[in-house]
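Me: I am new to this structure and would like to go through it step by step. Please show it first.

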Amino acid sequence: MQVYIVDDEPSICTAYARLARSAKMEPRTFASVEEFLRAECTDDNACVISDVRMPGISGLELPGLLRRAGRHLPVIFTTAHDTAETREIAQQAGAAAYFQKPVDDQALLDAIAWALGNRSNHPES
Amino acid sequence: MVKMQRTGETLQGVAKEAADLKAAMDEHAIVAITDPDGRITFVNDKFCALSKYAREELLGQDHRILNSGHHSKSFFRKLWRTIADGNVWHGEIKNRAKDGAFYWIAATIVPFLNKRGRPRQFVAIEADITEQKQAKEELADKLRLQGLLAAISSLFVALPNDRVDSAVEGAQRRIVEAFHFDRSTLWQLTEEKPGLVLTHCWQRPDRPALPANFETAGMLPWVEAKILGGKSFCFSSLDELPKQAAPEVEVYRAQGVKSNLTIPLIANGEVFGALAFFAVATERIWRKGEIAELKLVAQIVGNAIGRQRAELREEQLRNELAHTMRVATLGEISTALAHELNQPLAAILSNAQAARRFLASGGITDAELGAILADIVRDNKRAASVIHNLHAMVGKQPTARESCCLNELVREVLELMHGEFMEANLEVRPIYAPALPRTLAARVELQQVIVNLLINAIQAMVETPVECRTVTIETFAEVGSVTVRIHDKGHGIPPERLATIFAPFVSTKQGGLGMGLSICRRIIENHHGRIEACVREGGGATFRFSLPTNGRELGGIK
């Protein structure tokens, strides 16, 4: 199971990666949306945990960009800057889940499992 | 026979002449005759009239009946020695009449000797000089008082606030000594407590001390009502106080107070306290002129204290306003702060929970666990420093001056506002001067200024195209000063607003209170520095503030 972590905060990337590994997942970390898009990442049995506010392209644009590129990756947002507005935009953008930082491990792992399960249950036509 | 007759006529004539002389003398002078033992054997009508004693009350008495207590024992010893030796004595004597009033006489005392050359009797011829004496005393009193008032006034000229208290006590001491009082107290209304609170007291060292922290509330209702009504009052003895003042009589009796004069202190038409003078040792009559002089003293002292109170109040208001501003600024950057705190907290939580999971499954090396713990410690410290900065900025603690490096201050503010810049999608370019001299400053206040100027810059660039949104913040040193300069590329400042931009309630922002820059200016000027704004060529605004590195005042804007 592959988890892509996109966050400009290195300490968050490291911590999420450890959490993923502790749950027997394989993490990869990226400091920006651009860096993630440039990388050749497989979409199979994988999901993205993304920050919202980052230098450059906002995390909120990621689901749309992936969709337009024909890729099928669920995106889970975690943000340190939680507002009703951000939450709504994230939902409209097609986020698989949305959490305020700090996020509890079980909640995040459940969301990953749910997103991946959802994806396999409902493959894109 | 003829001779005898002649002698008889002569004797008759002499007796007649003596009687005439005596009558004339009685008309003109005060006359008393005393025997060698000092007993009064004769007084004329004028003597009786002046001393207010009946003749029969005086005859047979000695002159001590008139003793006023003014002269020393040696004065009278000398007088007696002079006349007992057969010499004439001239001098001035202060006597006390039967009714207690004092009078002065200029006396000539002539001893008449018997055949053996011993005094047979003493004839005193006196003139009433009370009026001249009083006029002289009053003039001396007046001169003394004027000197005193001048001295007290000069005590308070251009007096810094922190020295008002000692000047007040100095004035109280001078008054108590000059007027022969025993104690002077000064009372003030305070915000903390009801009633008047004793703030300044001077009394003669040997007098009973007042109870510490004595307050009028509940103790002296009549006195308090008088003072707050703006009325001065005096009493020579406790018997003069009205029935309503029964609580006062009790308190005064316990404190040994016999006479009192109390004058309200007034500033801006409002009573804020009172100045009181007390006689403890003896009862005391309050002369009208004296009261007028003391009212003048109360005015001088009242002005000084009133000014001090007004300045303290103003300072307090300024501090409160600055605090409000800091809290308001905090509101503006609170989202950024939430971000700054939530980031490390999120990393700490995920690290700790990952470690717990690893431990549960047994799949972790000591090195990996050590790395996780090290990260947790680092992020925890980061969060703590955010809280620390925040507390320093919003706290109401007194702003102590310390040696500060502007580079450090700017760096700290930029860290604190990191999220804010990201939110606004703008780039901050700091340019730090190397080896910048330090300046003595209240750290938090300067950070407040930098935060305010940066927030202004951010808000000025809301309409600026994203690719142009940059703020340059630069530090540099000049001779005797260090400067922080902030350039933005926002809407700039209309030239006509430049002159007033630091005045309170001037805002170029919609909905802005216009207090930010005025507070900035106050802070910088309190640091003997200067702050200025100018319009940049090619748009945007520049704000800069400079602080002295040697503590001396910087001149006006160049």
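Predicted model: local features only at pLDDT ≥ 70, side-chain atom pairs only at ≥ 80, totals over all residues.

Me: What percentage of the residues of chain A count as buried?
Reply: A residue is buried if 20 or more other C-beta atoms lie within 10 Å of its own. Of the 125 residues of chain A, the share that counts as buried is 43%.

Me: Which share of the contacts in chain A with a separation of 6 or more comes from residues 24 or more positions apart?
Reply: Two residues are in contact if their C-beta atoms lie within 7 Å. Among contacts in chain A with a separation of 6 or more, residues 24 or more positions apart account for 58%.

Me: Which helix of chain A gives the most to the side that touches chain B?
Reply: The contact takes 17 residues from chain A and 20 residues from chain B. On the side of chain A, the residues divide into 8 nonpolar, 4 polar and 5 charged. The element that gives the most to this side, with 8 residues, is helix 1 (residues 10-22) of chain A.

Me: Is Arg309(B) buried, exposed or partly exposed?
Reply: Arg309(B) is found in helix 9 (residues 288-361) of chain B. A residue is buried at 20 or more C-beta neighbours within 10 Å and exposed at 12 or fewer. Because Arg309(B) has 19 C-beta neighbours inside 10 Å, Arg309(B) counts as partly exposed.

Note on methods: Residues numbered from 1 in each chain as written. Chains lettered and ligands numbered in written order. Helix = DSSP H or I, 4+ residues; strand = E, 2+ residues; numbered from the N terminus. Nonpolar A, V, L, I, M, F, W, Y, C, P; charged D, E, K, R; others polar.
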